[in-house]
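Please keep it in view while reading.

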Amino acid sequence: MVPRLTVQVLLVLQALLREPGRELYGLELSEETGLLPGTAYPILLRLEDAGWVTSRWEDVDPRAAKRPPRRYYRLTGAGAVQASAAMARARRPRGAALRGLAREGGTP
Amino acid sequence: MPDPRLRLRRRRAGMIVGAAISSGVAIWAMVQVGNPGPALVILANAALITAYWPRTAGRDGFWPRGGGRGPVFRGHKTDGDAGRAPLPLRWGPALSLASRLMPRDPGRRWLAEANSVLSETDTGRQRAAICSYLRSAPRLVVTMWARELSHHARLRFRRPG
């Protein structure tokens, strides 16, 4: 199942694709994308359902770390390939947009 | 960071004061109007106190682990106060309530992740972050229940072989 690629989804994918093997947790992702954490969570859930992203709880003692464990997300192998393709498609200008630009430039 | 016991006492006191005020108003309304409808407010207060009575042992709810008869009355597992930065008192219960509207496991995961992120968020940005979690909650409730129901339906209608 391919998730709907909204601007927010693309922002999350872009952040994860920067270093595909790297794991990011909610707050890091929110800082890198500029999205609020509550907005990023449903996106990550959808990407996880689609098999593009995998996640795990950090193995840490909350008392020693003085904070709750983090949930880390990273792209799966297949997810990285599909996300790169999706990003490339998103960067390609659409026909309608090109026609709009042409009209603005006065070209018939 | 305030003493966890003090926080607990404040939460309990807030709960009792809130319940006492609204129950008082309900009783007054019942006497004035003569309609038993406001009794529902008193019952709702009792249910809320029972479900959300703050405890230190890692599980909110009035009855200890394993007690109670339904998912709400069995209490809600939390990670206690271990390493958790204090959330604004108004919002912690709101997040907990939202998580209870979700299916059990996804709801717990959502709440745990929200607590984890919020505990590391700057105080100045915490409010916006909490609001973003609460804003996205209704849609998540619907999505999660739809997913849960479709999962159960698939299991139920799957033909053997």
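This is a predicted model: local features need pLDDT of at least 70, side-chain atom pairs count only at pLDDT 80 or more; totals for chains, interfaces and linings use all residues.

Two residues are taken to be in contact if their C-beta atoms, placed from the backbone, lie within 7 Å. By this criterion, the contact between the chains draws 17 residues from chain A and 20 residues from chain B. Helix 2 (26-33), helix 3 (37-49) and helix 4 (62-65) of chain A each provide at least two residues of the side of chain A that touches chain B. The largest share of that side, 5 residues, belongs to helix 3 of chain A.

Residues are numbered from 1 along each chain as its sequence is written, and chains are lettered from A and ligands numbered from 1 in the order in which they are written.

Chain A contains 6 helices and 3 strands, these being DSSP runs numbered from the N terminus (helices H or I, at least four residues; strands E, at least two). Along the sequence, their pattern is α-β-α-α-β-α-β-α-α.

The strands of chain A form an open sheet of 3 strands in the order 1-3-2, with antiparallel pairing; two strands pair if DSSP finds at least two bridges between them. Strand 1 (24-25) and strand 2 (53-57) of chain A stand at the edges with a single partner strand each, so one side of each has no neighbour in the sheet. Strand 2 of chain A pairs with strand 3 (residues 71-75) of chain A over 5 bridges. Within strand 3 of chain A, A:Tyr73 lies opposite A:Ser55, and A:Leu75 lies opposite A:Val53. Strand 1 of chain A pairs with strand 3 of chain A over 2 bridges, and A:Tyr25 stands opposite A:Tyr72.

Helix 1 (residues 7-18) of chain A packs on this sheet and touches strand 1, strand 2 and strand 3 of chain A. Its direction makes about 85° with that of strand 3 of chain A, where axes are lines fitted to C-alpha atoms, for helices over the stretch in contact, and angles run from 0 to 180 degrees between N-to-C directions.
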